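Hi everyone, thanks for coming. Let me put the chain up on the screen, and then we can walk through it together.

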Amino acid sequence: MIKTLAFVALGGAVGASARYIVGILATHFGTGQFPWGTFSVNVAGSCLVGILAGLMTYTWSPSPELRAFLIVGVLGGFTTFSAFSMEIAPVSYKHSTLPPTPSVYTTVLTASAQQQHTIQNRRHQTVQQHT
């Protein structure tokens, strides 16, 4: 339990640091009021979770510590729907020209679709390899 917790903490540090860097880059290069940094990490993170879930389900059996490091730690620290919520709320409070609803729908639907697509793609590849 303590060993796994240490792996989660280390992975969280990696993921949160990567999330912070993406946020800085999105602020520097992004335009408008859309929260591009949060959108990017949530979509990319969902894709990576889908890839790892597909691999772990069909072809790869990592140790519980490595699984916790990657999924809970790195990707849990990288993707952050709490930041998503924090960035959406001020848009509606300030009566911005951009309502929060498109950002909410776009992020949730894109992230969910990306994750499902990568899992299905991995499943399809595994089936083809065995035929």
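Over the chain, pLDDT averages 81, and 84% of the residues score at least 70.

Two housekeeping points. This is a predicted model, in which local features need pLDDT of at least 70 and side-chain atom pairs count only at pLDDT 80 or more, while totals for chains, interfaces and linings use all residues. Residues are numbered from 1 along each chain as its sequence is written, and side-chain values use heavy atoms, with hydrogens and water left out.

Now the overall picture. We have five helices and zero strands, so to speak in DSSP terms: helices are H or I runs of at least four residues, strands are E runs of at least two, and both are numbered from the N terminus. Along the sequence that reads α-α-α-α-α. Of the contacts with a separation of 6 or more, 75% join residues 24 or more positions apart; contact here means heavy atoms within 4.5 Å.

What share of the 131 residues is buried? The figure is 34%, where buried means under 20% relative accessible area, exposed over 50%, and partly exposed in between, using a 1.4 Å probe and protein chains only.

Let's look inside. In soluble globular proteins, nonpolar side chains tend to be buried together. Here, the largest nonpolar core has seven residues: Val49, Leu52, Met56, Phe69, Leu70, Val74 and Leu75. Helix H2 (36-58) and helix H3 (64-78) are the elements that give two or more residues to this core, and H3 gives the most, with four. By core I mean buried Ala, Val, Leu, Ile, Met, Phe, Trp, Tyr and Cys residues joined through side-chain atoms within 4.5 Å. Click on Leu75: setting aside residues up to four places away in sequence, Leu75 touches Gly45, Leu48, Val49, Leu52 and Leu70.

Leu55 lies in helix H2 and is partly exposed, at 23% relative accessible area. Beyond its neighbours within four places, Leu55 contacts Trp60 and Arg122. The C-alpha atoms of Leu55 and Thr126 are 9.1 Å apart, although 71 residues separate them along the chain. Gly76, in helix H3, is also partly exposed, at 41%. Gly76 sits 6.6 Å from Gly12, C-alpha to C-alpha, across 64 residues of sequence.

Finally, the outside. Phe29 is found in helix H1 (residues 2-29) and is exposed, with a relative accessible area of 62%.

Notes:
pLDDT is the predictor's confidence in each residue, from 0 to 100.
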